Number of protein chains: 2
Amino acid sequence: MTIKDIARECGVGISTVSRVLNNRPDVSEDVRQRVLAAVEAKGYIPNNSARDLVKSRSDAIGVVVRGTGNLFFSAMIKTISAEIDRCGYDMVLRFLDAGEDEVKAGAILEREKKLRGLLFLGGRFNYTPGEMSLIGVPYVCCSYTNSFGSLRETDFSSVSIDDFETARQAVNTLINAGHKRIAAFFDDCEDHSISELRFGGYKAALREHSIAYDENLVVQTGGFEMEDGYTGMKELLSRPCSFTAAFVESDMMAIAAIKALNDSGLSVPDDCSVIAIDGLDLSRYVTPTLTTMVQPCEEIGLESVRILLSMMQDGSVTEHIRPVATLRAGASVKNILS
Amino acid sequence: MTIKDIARECGVGISTVSRVLNNRPDVSEDVRQRVLAAVEAKGYIPNNSARDLVKSRSDAIGVVVRGTGNLFFSAMIKTISAEIDRCGYDMVLRFLDAGEDEVKAGAILEREKKLRGLLFLGGRFNYTPGEMSLIGVPYVCCSYTNSFGSLRETDFSSVSIDDFETARQAVNTLINAGHKRIAAFFDDCEDHSISELRFGGYKAALREHSIAYDENLVVQTGGFEMEDGYTGMKELLSRPCSFTAAFVESDMMAIAAIKALNDSGLSVPDDCSVIAIDGLDLSRYVTPTLTTMVQPCEEIGLESVRILLSMMQDGSVTEHIRPVATLRAGASVKNILS
């Protein structure tokens, strides 16, 4: 499958296909859609320019970032960038738009930039070997792993907290403070990804304490942005059910959820306790200080680079590391036992 | 001046100098300091590796980021990265540590990566032609300009809001709401940089309204981090002076300053109004919603890349663009006239 095949298939010139693949403005929308559909259907991976075809493999490591606007990733990118630089490699950074697939983006980047290795900063948890065969260099899943997929442990490396366990501990913190009516906010409870694992941890904590699961208390926000946390809490407040606490799966969404409570005349933690996962520095400076499970951001970044470099020297060495998230108590959880 | 001269000067081997320059851990602190002092004194710019020496100029654009942990820059990096990619260039990203000089870092990056151009994301405002002669490719000052330096307008390009004017408008917003005792927070009032300009805007607004300047109301925070905003407000509260409003030079610092007010039992805006500059998305989701001057982040990023590319084609074309910051009213400023 070459660029010529795509051009023939679409009845356009090679340069037109090239313009579409390089996202240039000078192509009609109709032609663009036709070319993209053909590229999609044929699974074609472009070599973006003739220049790249003649380059031998570089000293570049690709970093594909899924989920931006997220301070958690901002901090990690800085750590990863400094470490790649310190080790004498170049970093090629690629931010994904919502809905873009990281595997395809990574595969394209690998060919365009002749990468030596890839770091995926966030991604799906359900890769198949067939899908990952697109990636021809060692890669590390950074801040997630393949819980719902069919990769063998020896096919890839990962550095991530245990999402199920971290959510379970967060919810247990609320239960230990006397809460039984605990709302929870997830991007999507059946995403075969981070939210499904954290949803599992939420249900496990309830089960351990014989608290009945109530689906009315669970909100699927359909995203990870602050806006999603805000509208999610507003939706919950419109339902005819009571709750004394909420577990929110990221600090940024939790801050927005607290804002929604405030805007509805409710106060945290008196009317509703809130706990989250991430442990951003920012969360120390909101009122009330957010209680949150802190991800060891720097450790995750450094370990990911270390493992990738050792895989680049010997592709058969894979590692799966589970750094531990720890509770940082703020003032957003109220003990209602006393 | 070569690496050999530095090695001879310091009485160490070339490989030791190389290790210091590459920031490797296996060098004693004593030797490291000696080598860095010699590098500094001689103005030596390393070519980091033999590999780089044989490469011809690449298609890479360097982006040197000063001031991290800042959501304002995170958003801009995403815009700049996508635009550089769309135009068919590679982005080489370099984050500076506090205290590192962006000109030197840019000059080193230029030689190591054979850059075609440089974008400085934040930097000093007082460059001299001698200093900038280290930079051998076109560059754009992104989000700042050379207000205190001696560059000619035809030597460089810049895209930045007018810091003096934006601060003046922010403080005028407070004055128009009836405030006269207005505190202000700056990194450093005489930094020949962004804070000095904004400090000037603050004083100009007071002068226009015949409000006496009171140095007790001005806090120099010594940094741009949230922690600096928090400790700055705590310091102000310990002074024997009263105030009804505060101008803070960044959203992140303002959020932390509000936290310090809350922790001292004061409420915003009832006890103290707060206004800032940046206009982060985050600032819509804190309580109270922050009133802030919004920087047109995307415009600044896109214009910077556009200008840099046109300079790369014709180095003599420089531009200086001043996008306008606009007020976004939140709930953190109280009108005390009525």
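In the predicted model, the centres of domain 1 and domain 3 of chain A, taken over C-alpha atoms, are separated by 45 Å. The domain assignment of chain A places domain 1 at residues 3-42 and domain 3 at residues 163-294. Domain 2 of chain A is assigned to two segments, 56-161 and 297-324.

The axes of helix 1 (residues 3-10) and helix 2 of chain A come within 8 Å and cross at roughly 105 degrees. Angles of 65 to 115 degrees count as roughly perpendicular, and helix 1 and helix 2 of chain A are therefore assigned to that class. On the side of helix 1 of chain A, the contact involves Ile3(A), Lys4(A), Ile6(A) and Ala7(A); on the side of helix 2 of chain A, it involves Ile14(A), Val17(A) and Ser18(A). The contact of helix 1 with helix 2 of chain A comprises 5 nonpolar, 1 polar and 1 charged residues.

Helix 2 (residues 14-21) of chain A also packs against helix 3 (residues 29-42) of chain A, with axes that come within 10 Å and cross at roughly 85 degrees. Helix 2 and helix 3 of chain A are therefore roughly perpendicular to each other. Thr16(A), Val17(A) and Val20(A) of helix 2 of chain A meet Val31(A), Arg32(A), Val35(A) and Leu36(A) of helix 3 of chain A. By class, the residues of the contact of helix 2 with helix 3 of chain A are 5 nonpolar, 1 polar and 1 charged. Val17(A) takes part in the contact with helix 1 of chain A and in the contact with helix 3 of chain A.

Between the chains, 27 residues of chain A are in contact with 27 residues of chain B. On the side of chain A that touches chain B, two or more residues each are given by helix 5 (71-86), strand 2 (90-95), helix 10 (226-238) and helix 11 (251-263) of chain A. Helix 5 of chain A supplies the largest share of this side, 6 residues. The side of chain A that touches chain B divides into 13 nonpolar, 9 polar and 5 charged residues.

In soluble globular proteins, nonpolar side chains tend to be buried together. The largest nonpolar core of the model has 184 residues. The residues with the most contacts inside this core are Ala246(A), Ala257(A) and Val274(A), together with Ala246(B), Ala257(B) and Val274(B). Beyond its neighbours within four places in sequence, Ala246(B) is in contact with Ala183(B), Ala184(B), Phe185(B), Ala257(B), Cys272(B) and Val274(B).

Asn146(B) is located in the loop between strand 4 (139-142) and strand 5 (157-159) of chain B. Because 22 other C-beta atoms lie within 10 Å, Asn146(B) is classed as buried. When residues up to four places away in sequence are not counted, Asn146(B) touches Phe125(B), Tyr127(B), Cys141(B), Leu151(B), Phe156(B) and Ser158(B). The C-alpha atoms of Asn146(B) and Ser193(B) are separated by 8.4 Å, although the two residues are 47 residues apart along the chain.

Leu327(B) belongs to strand 12 (residues 326-328) of chain B. With 17 other C-beta atoms within 10 Å, Leu327(B) is partly exposed. Leu327(B) touches Gln169(B), Thr173(B) and Met293(B), residues up to four places away in sequence being left out. A distance of 22 Å separates the C-alpha atoms of Leu327(B) and Thr145(B), which are 182 residues apart along the chain.

Several backbone torsions were also noted. Most residues other than glycine have a negative phi, and most peptide bonds are trans. The peptide bond from Thr287(A) to Pro288(A) is cis, with omega near -5 degrees; Pro288(A) lies in the loop between strand 9 (273-278) and strand 10 (291-294) of chain A. In chain B, a cis peptide bond joins Val268(B) and Pro269(B), with omega about 10 degrees. Pro269(B) lies in the loop between helix 11 (251-263) and strand 9 (273-278) of chain B.

Lys114(A), a residue other than glycine, has a positive phi, near 50 degrees. Lys114(A) is placed in the loop between helix 6 (102-113) and strand 3 (117-121) of chain A, and is partly exposed, with 18 other C-beta atoms within 10 Å. His192(B), likewise not a glycine, has a positive phi of about 50 degrees. The loop between strand 6 (182-186) and helix 9 (194-208) of chain B contains His192(B), which counts as partly exposed with 14 C-beta neighbours inside 10 Å.

Technical notes. Residues are numbered from 1 along each chain as its sequence is written. Chains are lettered from A and ligands numbered from 1 in the order in which they are written. This is a predicted model: local features need pLDDT of at least 70, side-chain atom pairs count only at pLDDT 80 or more; totals for chains, interfaces and linings use all residues. Two residues are in contact if their C-beta atoms, placed from the backbone, lie within 7 Å. Helices (H or I, at least four residues) and strands (E, at least two) are DSSP runs, numbered from the N terminus. Ala, Val, Leu, Ile, Met, Phe, Trp, Tyr, Cys and Pro count as nonpolar, Asp, Glu, Lys and Arg as charged, and the others, Gly among them, as polar. Axes are lines fitted to C-alpha atoms, for helices over the stretch in contact, and angles run from 0 to 180 degrees between N-to-C directions. Angles under 35 degrees count as roughly parallel, over 145 as roughly antiparallel, 65 to 115 as roughly perpendicular and the rest as oblique. Domain bounds come from an automatic or database domain assignment. A nonpolar core is a set of buried Ala, Val, Leu, Ile, Met, Phe, Trp, Tyr and Cys residues joined through C-beta atoms within 7 Å. A residue is buried if 20 or more other C-beta atoms lie within 10 Å of its own, exposed if 12 or fewer, and partly exposed in between; C-beta atoms are placed from the backbone.
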